[in-house]
Amino acid sequence: MDVKARSKAMREILTRVVERAQGAIEVKVFGDKVILDEDVENWPRCDILISFFSTDFPLDKAISYVKLRHPFCINDLLPQALLWDRRLVGAILDHLQVPTPKRLEVSRDGGPQVDAELKDAMMKKLGVTLGGFRVTPEVSLRKDGNAIFIDGQVMEKPFVEKPVSGEDHNVYIYFRGGGGRRLFRKVGNKSSDLDPSLNHPRTDGSYIYEEFIDVDNSEDIKVYTVGKDYFHAETRKSPVVDGVVRRNTDGKEIRFITHLSDDEKTYAAKICQAFGQNVCGFDMLRCEGGKKTQIIDVNGWSFVKGNEGYYDKAAEILANLCIRVSSSPERPIPSAEITTKGEPPTWILKANVTVFRHADRTPKQKLKFNFPIGDVWTQPFVRLLNGEKEEIILRERSQLNLIALAVEEAKSLGASGDDLVKLTHLNTALFNKIDLPGTKAQLKPVYSKRQAGQVRRLTKLTLVFKWGGEFTHSARYQSRDLGENMKKDLTIMNKEALQNVKIFTSSERRVIASAEIFAAALTDNVPSHSNYSAPSSTPTLIIRKDLLDDSNAAKDLMDDVKKRLKILLRPGEPEKRPELTWPKSMKKEPVEEVIELLSSFRAIMRKNFETMDVDTIQERWCCGDEPWLFRERWDKLFEDFCDVEQKKFDPSRVSELYDTIKYCALHHRTFLFSIFAENAGRDQDPSQTQDRKLHELYGRAKALFDLVAPQEYGIEPDEKEEIGVLTSLPLLRKVVEDLETARNNGASSLTLYFTKESHIHTLVNLVLHSGLPIANRRIPELDYCSSITFELYERNFGRGNSDKEYSIKLSLSEGAHSSNVLDSALDARHSLNVQPRRKLTQHLPYSLVIEKLSKHFGRMTEDDDTGTDTPFETINARGRLIGVNDSSSDDR
């Protein structure tokens with residue numbers, strides 16, 4: 001399936017296989033559309049097949065393909081069915097004399113069902129008899145509750161209760177004296193929960209009861225094989241300990257490499273060969289100081305994640321195996337019929353159109369001023385427009401000084417009252433922030449509508465003074481990784497698309513920087529042989545303000561939404577809207593809890609700034625930050641949350657709080673934990689001294705954000721759709737145009753758009769409300785580098801393959817995101833890696849997708865008075881990479 005075949009680990013290994021073979025190996029990914037919808041006669045022919053069971057994968061169909069085409073299988077398909085039943089796995093391990101924990105079985109289903117063909121195959125290969133009817137045993141709990149009787153046999157607590165299905169991860173551990181722990185497939189940063197009431201074993205199915213092993217160092221071990229002679233093993237914290245999963249910047253569980261003993265290597269080789277799985281993973285426990293080993297599960301196809309050495313070795317072994325098989329005299333020779341007919345028609349990726357959000361940035365802060373055009377004192381600011389009819393941006397120090405002069409002139413022209421107070425605040429902010437990275441001022445004029453014979457009048461002028469929002473060093477790594485991953489994916493799926501690349505970007509510096517670094521990664525470090533293709537030159541970036549920059553078209557509607565969100569955040573209000581209520585685990589509503597926590601942190605921070613040498617807390621600062629800027633940023637948050645009435649609370653502050661916590665956790669974690677530690681300065685680990693209060697704050701801020709952020713672009717479905725139309729309809733129209741062009745032209749293509757959060761959210765809303773059948777409507781948080789992808793697939797068929805059929809599949813990535821950012825392991829990059837795409841739709845007919853996405857195209861859009869008359873600008877990406885503090889690039 002695509003989710004496995006196009007995963008990062010698989011891409012890393014397959015691209016290395018191709019590179020190592022220097023053009024002798026071609027990789028074909030069958031893809032979901034072929035696997036699920038096509039008869040096996042229409043599947044591509046291959047010499048060597050990598051195929052393994054995963055969710056929704058039709059194993060029986062794959063077995064039929066192998067019988068038809070006779071490829072060499074890296075992992076035998078028939079024995080993969082053994083892994084579905086833990087009783088069969090246990091029987092094989094016992095036959096191999098591989099050590100396992102003592103176990104008893106309760107079969108309430110008549111015993112494991114084994115296909116006759118599989119039963120015969122295992123008898124011939126191993127001499128083992130599998131299956132057979134089993135009578136349901138008598139099961140009872142001893143009176144003291146500390147042991148279970150199964151047909152007279154006793155298993156003392158603690159013991160482990162496993163469902164017989166290998167796909168069921170709801171494993172329970174029962175403790176002596178009562179209580180237990182419920183294990184489950186990892187959700188966020190949790191893998192198990194303690195349950196004091198867990199006393200009685202389940203009676204609703206078939207289970208295996210295993211002796212609980214007291215393991216060394218509270219760790220279990222994951223072992224990975226590539227063939228019978230290469231093994232890689234990693235330890236991880238056992239889920240039995242506390243159920244908390246520690247993750248790295250890839251979002252993967254933190255593990256440590258360990259070496260296997262000679263006996264353990266023997267067990268690994270036996271498992272690999274007996275189950276017929278060259279690439280295989282299994283779980284192992286060590287106890288008694290490493291003297292004893294127990295195998296507790298066999299998983300089948302498994303790759304190590306994020307280990308370059310493993311990728312290299314696995315690729316070497318698989319490439320050598322492929323070459324050896326292809327040159328074997330036993331390799332079947334294609335029949336004359338096959339040679340004459342050629343390849344059967346199959347689906348290939350024709351075009352990829354992806355819209356990205358920009359990479360990581362520093363927190364944004366701003367001051368906003370609306371000037372009454374009729375007042376004389378506003379004229380100095382009107383003159384700053386210099387006759388321009390569209391938004392202008394002042395970034396250089398000399399330009400920002402013009403605003404300071406306008407402020408002084410406005411004061412002399414009679415500005416008074418609240419207006420004078422605002423101008424004073426503006427002047428103070430200018431003085432303090434004029435030299436900070438990212439400082440700029442935007443002048444946004446609004447003119448009357450065009451009417452024949454009338455001059456357009458200036459009706460409104462807004463000045464927004466901003467600082468922050470700058471491209472970080474982490475963003476460089478994220479953008480580079482995005483480009484490299486895209487290159488590797490398309491090298492496998494359709495390398496011709498890399499010869500026809502177009503990249504569009506908004507005019508904002510951080511967006512342009514993301515696009516430029518991505519474009520460079522898409523083209524650089526390319527091996528010379530022909531099978532690893534890339535664009536012949538770095539694509540030119542095209543700035544499209546009309547598609548990808550902000551507009552004011554939806555401003556009034558979004559302002560109305562914000563007013564209603566204020567009401568929804570008042571105590572008791574969410575209860576009137578069940579779909580907007582908070583998580584049940586919260587004792588109070590998050591706004592109240594956040595205010596209480598922030599009030600506490602405000603006092604702690606003030607005390608620590610007075611009593612600690614804050615300059616020595618953290619050795620290095622990145623992103624142009626310093627302790628005083630950290631304090632200013634948090635003081636503003638304290639003021640916005642703690643010093644206003646809750647009914648006047650501004651929902652937009654929620655995103656600022658959430659973004660600031662994440663930013664500080666990634667870039668200034670040492671300072672964050674220390675400055676908010678109640679007992680700081682007493683020779684204690686600051687991350688342990690504040691009773692995880694920061695984790696509480698993060699949890700509450702996240703709950704608030706999950707409610708507010710999606711609703712900022714519309715609360716009701718009609719609003720979401722309307723705001724989407726007003727904000728991103730031109731972009732959606734262009735995406736559809738790209739898909740139509742790719743369908744009608746012969747060449748494969750890759751088209752990319754880089755923009756900001758608002759366009760990603762509103763574009764996704766347009767898709768969700770288009771009428772397309774959405775496979776998963778639970779949309780994740782759309783973090784930095786999030787994306788929505790439209791993939792066009794093509795199949796040639798008919799006489800001479802002259803007829804064509806098309807399909808479109810949509811997918812979504814949450815971007816560089818971690819659900820556990822405060823505990824994620826970091827390196828000097830301070831970067832979270834981008835999460836893989838998840839399916840948004842199944843493969844759908846081309847005509848249906850185009851019809852649904854085009855539902856609003858008939859609407860006439862009004863002239864955007866703040867839009868640009870020159871929406872196209874180009875940048876040569878290779879000649880100019882933007883640095884973190886590069887002021888040579890400006891918002892246009």
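Which residues in α16 meet E719, E722 and I723 in α23? I started my notebook with that one.

**Ground rules**

I am working from a predicted model, where local features need pLDDT of at least 70, side-chain atom pairs count only at pLDDT 80 or more, and totals for chains, interfaces and linings use all residues. I number residues from 1 along each chain as its sequence is written, and side-chain values use heavy atoms, with hydrogens and water left out.

**Entry 1: a helix pair**

I looked up the contact and found L557, M558, D560, V561 and R564 on the α16 side. Contact here means heavy atoms within 4.5 Å. Helices (H or I, at least four residues) and strands (E, at least two) are DSSP runs, numbered from the N terminus. The residues of this contact divide into 4 nonpolar, no polar and 4 charged.

I then checked the geometry. The axes of α16 (residues 555-568) and α23 (residues 717-744) come within 10 Å and cross at roughly 145°. Axes are lines fitted to C-alpha atoms, for helices over the stretch in contact, and angles run from 0 to 180 degrees between N-to-C directions.

**Entry 2: the four-stranded sheet**

In what order do the 4 strands of the open sheet run? I read β18-β21-β20-β19, with antiparallel pairing; two strands pair if DSSP finds at least two bridges between them. At the edges are β18 (364-371) and β19 (392-394), each pairing on one side only. Neighbouring strands are turned by 20° against each other on average, direction ignored.

I followed β18 to its partner β21 (residues 458-468), and the two pair over 8 bridges. Along that pairing, F369 of the one stands opposite L463 in β21. Helix α11 (residues 397-412) packs on the sheet and touches β19, β20 (440-447) and β21. Its direction makes about 100° with that of β19.

**Entry 3: the three-stranded sheet**

I also found an open sheet of 3 strands in the order β4-β5-β6, with antiparallel pairing. Its edge strands are β4 (139-141) and β6 (153-156). The twist averages 20° from one strand to the next. β4 and β5 (residues 147-150) pair over 3 bridges, and S140 stands opposite F149 in β5.

**Entry 4: helix α2**

Is α2 mostly covered or mostly open? I found it mostly covered, with 11 of its 14 residues buried. Buried means under 20% relative accessible area, exposed over 50%, and partly exposed in between (1.4 Å probe, protein chains only). Among the buried residues are M10, I13, L14 and V17. The cover includes α1 (2-5), α8 (308-326) and α13 (473-493).

From first C-alpha to last, α2 (residues 8-21) reaches 20 Å, close to the 20 Å expected at 1.5 Å a residue. That expected span is 1.5 Å times one less than the number of residues. Q22 follows α2 and has a positive phi, near 50°.

**Entry 5: two single residues**

N427 sits in helix α12 (residues 417-433). Why does N427 count as buried? Because its relative accessibility is 19%. Leaving aside neighbours within four places in sequence, N427 is in contact with A404, V407, E408 and K411.

A91 is in helix α5 (residues 86-95), and counts as partly exposed because its relative accessibility is 25%. With neighbours within four places in sequence left aside, A91 is in contact with R103 and L130. I also checked A91 against T129, 38 residues apart along the chain, and their C-alpha atoms are separated by 8.9 Å.

Note on methods:
Ala, Val, Leu, Ile, Met, Phe, Trp, Tyr, Cys and Pro count as nonpolar, Asp, Glu, Lys and Arg as charged, and the others, Gly among them, as polar.
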